[in-house]
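Let's work through a few exercises together.

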Protein chains: 2
Amino acid sequence: MSNFAVPVGVSNRHLHLSETDLRTLFGSAAALTYKKPLSQEGQFVSEETVTLAGPKGSMTVRVLGPARPQTQVEVTLTDAYKLGIAPPVRDSGDLDGSAGGELIGPAGRVVLTEGVIVVHRHIHVRTEDALRKGVKDRDRVTVRVDTERGGVFTDVLVRVDPSFNLEFHIDTDESNAFALKNGDVAEVILN
Amino acid sequence: MSNFAVPVGVSNRHLHLSETDLRTLFGSAAALTYKKPLSQEGQFVSEETVTLAGPKGSMTVRVLGPARPQTQVEVTLTDAYKLGIAPPVRDSGDLDGSAGGELIGPAGRVVLTEGVIVVHRHIHVRTEDALRKGVKDRDRVTVRVDTERGGVFTDVLVRVDPSFNLEFHIDTDESNAFALKNGDVAEVILN
């Protein structure tokens, strides 16, 4: 197996809403308004934002579409300190016992008892690329970054799906710590 | 040479003021008010804060003492995006051509044409420890972190001085990216 290059995709804080929470926050006839596509097929940035409030502060959070079975809020640890909450670092979808928070929209409020996480760094790989590159779903790999604040991310989760586009997903704490920008290239180290 | 452990010291944004800028911001008879000591001898947190303003936003920044020959403002890249400025990643004291910003205090304002930087990660080592540990001033070393968001920082500057206490200095972007807290232990990799 050879090392391979992967484009960096930087995620700012955002959330995915359930249909129920979408209606509570934006009204019973609400639907998300498409703004622009995301790099992963079918995913999009909506025009909608909500306020996320914690014990120590609040901030505006962008809603991504489409709706999901369960509301998931993805923040950075920098955000978490400002909000006064302590979300765990989790893989997407693993929300049991995660942090809570209050969502405030134009039509109503939702009190989440769980659903707020810091997403663990991960790589999206299309199935046909995974075979060729020698990785499989749920592998944990190492990614090297060669910037003026360079280094290595260990324990990076690999997710493989026929619809995925190759991308290394990190949050803004991780991109800023390594002076990385959206579209920069990192290297997956397999040997 | 053996690897060795180093305690992590996390820096939030802060600034060091020149005597001239201190008087402009806080009044002609102003002196910094000691609040608590920092880990490095003679350095302290003051009670004073100023507002740092950029084209896109402003934020409160803590003043550290004592005064220095030139004002130096240390922000994170997360802060920089909010302020709308683009500070370079620099070693402390290397301010030529760095970013500007406006400081606003209770008695006046200072417009900095330079002095705002993101400080490059570094390790303070006491001279007697440096000899024993096999590092010297201005070495560049690698530091490994074993957390749930683990990894490696490369190109870490070593600073050696008889007054220094052993500490690995990173900013909040770097600590949050690796889920590190003040006082956690990292490992300097020499072989």
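A polar contact is a pair of N or O atoms within 3.5 Å; within protein, one must be able to donate a hydrogen and the other to accept it, and residues adjacent in sequence count only if both atoms are side-chain atoms. This is a predicted model, where local features need pLDDT of at least 70 and side-chain atom pairs count only at pLDDT 80 or more, while totals for chains, interfaces and linings use all residues. Residues are numbered from 1 along each chain as its sequence is written, chains are lettered from A and ligands numbered from 1 in the order in which they are written, and side-chain values use heavy atoms, with hydrogens and water left out.

**Exercise 1. Describe the interface of chain A and chain B**.

Step 1. Now find the elements on the side of chain A that touches chain B. Those giving two or more residues are α2 (77-83), β9 (109-119), β12 (151-161) and α4 (172-177) of chain A; helices (H or I, at least four residues) and strands (E, at least two) are DSSP runs, numbered from the N terminus. With five residues, β12(A) gives the most.

Step 2. Count the contacts (heavy atoms within 4.5 Å): 25 residues of chain A meet 25 residues of chain B.

**Exercise 2. How many salt bridges are there between chain A and chain B**?

Step 1. Recall the rule: a side-chain nitrogen of Lys or Arg lies within 4 Å of a carboxyl oxygen of Asp or Glu.

Step 2. Applying it between the two chains gives four salt bridges.

Step 3. Check an example: B:Arg149 bridges to A:Glu174, with the closest N and O atoms 3.3 Å apart.

**Exercise 3. In which sense do β12(A) and strand β12 of chain B pair**?

Step 1. Strands pair if DSSP finds at least two bridges between them.

Step 2. Here there are three bridges, and the sense is antiparallel.

Step 3. To see a bridge yourself, look at A:Gly151, whose partner in β12(B) is B:Phe153.

**Exercise 4. Explore the hairpin of β3(B) and β4(B)**.

Step 1. Locate the strands: β3 (residues 34-37) and β4 (residues 44-53) of chain B run antiparallel and are joined by three bridges.

Step 2. Pick out a bridge: B:Pro37 has B:Phe44 as its partner in β4(B).

Step 3. Examine the turn: six residues lie between the strands, and B:Gly42 there has a positive phi of about 85°.
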